Amino acid sequence: MALRVLTLRNADGEHRISCALHASLTFGCGPACDVTFDGVGILPRHCVLYRTGERTFQIIGVFAAAQFSVNGVISSELEVDVPFQFGIGGDVFDVDLAEGEEEALQETVEAEPVADGVPPVTRTSRRGYLLRPITLKPRAGERVGGVILAAAAPAEIEVPATAQPTSLPPHAVEPVAETKVPQDEEESSSLLLVGLLLCGAMIAGVIYWPHHLDQLSAAKPDVVASSVAAPVLAREATMREGRDLLMAGAPGLAGHMLMPLAERGDVVAMQQVALALRASGKFGDEVLGLLQRAVEGGSRDALRDFVSVVDDAENPGRFTEGAFKQLQWAAKLGETSAWMPLGERYEHGKGTAVDMTLALAAYEKARVAGDRRAVVKLSARQAALDRVAAYVRSWNEVSVATLLDHVVAGQGKFFMLEHPPMEVLLRLEEEMRVRWPLRRISVAAGAQAELETFELVKVTQPFQFEVQRGGRIARGKGVLVCVVKRDGAERWRITDASDTIEVSELLPAKEQFVSAASLRELKPAFTHEEQVDESRLEILEQMRGLEATEDFKPALSVVMNAVYEFPQETFWLPFADKLCDRMARQFFRDGQWLDVAWAEPVHQFGEHGSVSAMLLEGHLCAAGYGCARNAARSLALYQKAFEAGKRRDTRFYYAEALFQGRGVPQDTEKAGALALVFMSRSKHPLEAYLAAHLLWRKAEHDPALWQEVYDALSRVVEKFPPAKNLAGMVLLNHGQTMKERRTGFAAIKAAADEGVVEAMKNLSQCYLEGVGCEKDAGQATFWKQKALVTQPPRRRHYTEFEE
């Protein structure tokens with residue numbers, strides 16, 4: 001037997017209701033629902049339950065606010081298989097399907113006679129399975145899809161013009177011929193038969209009763225009013241059911257239901273059919289045609305829908321000339337929603353020629369109508385003006401960091417520079433601030449904004465200025481012309497800027513200024529001494545904080561400018577030496593050269609006499625950074641630096657290169673002549689360590705010198721771990737007592753613990769041979785392996801140590 005009975009079970013018991021395949025039930029608190037609930041939050045038409053499969057139901061909320069729960073999940077639309085738990089209005093029901101026949105669910109209820117002489121009509125009732133306070137409301141009619149449609153009066157019913165109040169002709173309600181239906185539609189057919197009989201009786205009563213009253217009052221019968229009542233009721237019911245189908249997500253059924261009314265000229269039906277066609281995915285001329293006919297028939301609601309459909313993103317003719325004229329027609333009829341799409345078409349030239357004036361007028365009317373999109377469009381002019389005014393005011397700020405908030409680099413021309421990168425613009429702003437430490441720049445009245453598009457605005461901003469440096473003061477006015485563009489993040493940025501100025505006052509004299517057409521070209525006319533001071537101040541500004549930032553590029557640039565501008569001056573040399581020493585320390589610390597382009601300025605500094613630049617270039621040549629590795633050139637640069645300055649650091653690096661002989665023949669004699677006299681008693685770790693190595697060579701032939709070796713190293717062992725290792729080796733190999741040897745062993749171990757690889761190797765040999773300690777093969781192996789995997793300590797720069 002087919003599963004055609006839906007059971008709903010709660011604490012009050014089990015309730016059963018017929019629900020055949022592809023049938024539907026409407027739940028809510030209104031009298032027109034199939035099942036009526038009384039509960040909190042239940043709408044008059046709350047939801048529709050569709051049986052879409054043998055055990056599958058789809059539940060759709062009629063409105064977005066119509067909430068229900070299925071198996072504890074709150075939703076407004078979902079699909080579920082039975083059994084499941086259904087919650088509505090605070091109650092929860094267990095829902096399932098059961099076997100049964102329609103007749104088992106029905107009980108016959110005697111209806112009151114419609115009129116004298118008309119036999120009572122039996123109807124089915126579902127009162128026996130009502131849910132606790134639920135009421136079933138069966139309705140006569142025809143089931144179309146998932147909604148019951150009110151049935152029209154049967155064609156056989158006729159009301160004679162001279163109807164008597166006491167009786168109706170026996171043929172007024174004729175029995176409907178039985179139709180054999182399939183088993184799964186048996187229940188629906190029975191309900192349809194009973195419903196048709198009820199509907200016929202009701203309509204007969206509606207038609208007869210006014211006539212009966214007229215007879216009693218001895219007036220003429222109003223046959224016309226009676227005959228019109230039924231079509232009016234049928235039209236309203238059809239419209240209501242069509243709207244319900246649309247809201248329930250069945251636009252196809254809604255369109256088929258309402259189409260006859262639309263064909264008879266009903267403007268509301270035309271509008272609803274058009275919306276149904278649009279909702280079903282169809283987009284053609286018939287949609288616009290129906291809406292246009294509805295508008296011409298006087299429907300204001302259809303006019304708004306007409307504009308919405310014309311401007312729909314899926315409309316293939318959205319930007320055609322025809323669509324543009326349709327929007328114009330709607331605007332002339334008073335539809336305010338047409339102004340925004342009209343403005344967009346005027347702005348972008350879609351369907352008509354570009355006309356920014358008409359676009360502005362359309363957007364203004366849309367703004368007055370309350371369209372927020374128009375407010376955003378119309379804000380373009382003011383937003384561009386505000387951006388340029390803020391840019392002008394930023395010229396008074398000490399920092400140039402806010403420039404990033406105002407401009408976009410690389411897109412246009414900025415003050416005669418074609419597509420400058422941001423770093424160039426920042427430098428341009430910094431130069432103006434250095435040139436004029438005191439600035440008072442303000443925007444003036446008369447700013448204008450010319451809309452090229454609503455994303456691109458040309459702004460003309462007048463300004464006034466007063467700039468001062470020392471006793472020099474310049475006053476005047478100017479005009480800044482900018483192109484301002486809206487970016488993807490809805491921010492306005494300047495992509496092009498140029499200015500012209502008119503100087504009104506130059507103090508103390510005109511001759512002390514360089515005439516210029518732009519504010520950034522306005523400069524003081526410095527004397528040679530002032531120019532030198534200006535350059536020195538600029539270098540000092542760039543050198544400030546260099547140790548912390550290690551951003552050498554700006555400092556290299558300003559020092560190089562000084563070298564080229566003042567080739568006969570040497571004021572820049574101390575700055576160049578300091579800069580190169582800091583770059584060398586960074587190079588020694590990191591073991592790499594950060595920017596190969598830095599090598600050229602260093603070379604130029606060396607060519608113009610910077611000793612530190614010569615040393616740095618020698619380091620680079622020895623390591624192969626910025627140039628090919630060349631030990632001979634490195635040695636020549638060390639020698640050149642030593643001969644140019646006779647500085648201690650140049651002496652050290654020159655002597656060290658001679659002693660090590662890397663890539664060149666070793667020359668210990670020359671190295672000793674350079675270093676021993678000056679370094680044997682030095683407290684500088686690098687000098688003392690080099691002197692100890694040179695003395696070591698001599699002590700191998702003259703043992704009396706071992707004490708000098710040890711003394712040189714002992715002065716720096718706390719600052720330089722490799723000196724500990726070398727001092728320990730002196731005590732271990734040449735100590736006179738066991739205590740000295742043990743002290744030497746302790747020094748070697750301390751150096752090994754501090755990461756000196758040579759000390760690790762020496763310590764391993766001590767443990768292996770038992771020199772200064774007990775033999776320990778395990779420790780010997782440990783320190784040997786550790787030496788193999790330990791990276792040598794980085795090389796220390798001469799300037800890292802202070803005596």
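Hi everyone, let's start with a pair of helices: helix 14 passes helix 17 in a left-handed crossing, left-handed meaning that the near helix is turned anticlockwise from the far one by less than a right angle. Before I go on, this is a predicted model, where local features need pLDDT of at least 70, side-chain atom pairs count only at pLDDT 80 or more, and totals for chains, interfaces and linings use all residues. Residues are numbered from 1 along each chain as its sequence is written, and side-chain values use heavy atoms, leaving out hydrogens and water.

Back to our pair. On one side, the contact (heavy atoms within 4.5 Å) involves Arg536, Ile539, Leu540 and Met543 of helix 14, and on the other Phe575, Lys578, Leu579 and Arg582 of helix 17.

Now, salt bridges, meaning a side-chain nitrogen of Lys or Arg within 4 Å of a carboxyl oxygen of Asp or Glu. The count comes to 40 by this rule. Take Arg520 and Glu429, whose closest N and O atoms are 3.0 Å apart. Arg520 sits in the loop between strand 24 (513–514) and strand 25 (523–524), and Glu429 in helix 13 (residues 422–435), so this pair ties together parts 91 residues apart in sequence. Both Arg520 and Glu429 are buried, which is to say under 20% relative accessible area, with exposed being over 50% and partly exposed in between (1.4 Å probe, protein chains only).

What about Glu687 and Arg648? Their salt bridge has its closest N and O atoms 2.5 Å apart. Glu687 is buried at 2%, while Arg648 is partly exposed at 42%.

Finally, have a look at the network of salt bridges linking Glu347, Lys377, Glu455 and Arg486. Thanks, everyone!

Technical notes. Helices (H or I, at least four residues) and strands (E, at least two) are DSSP runs, numbered from the N terminus.
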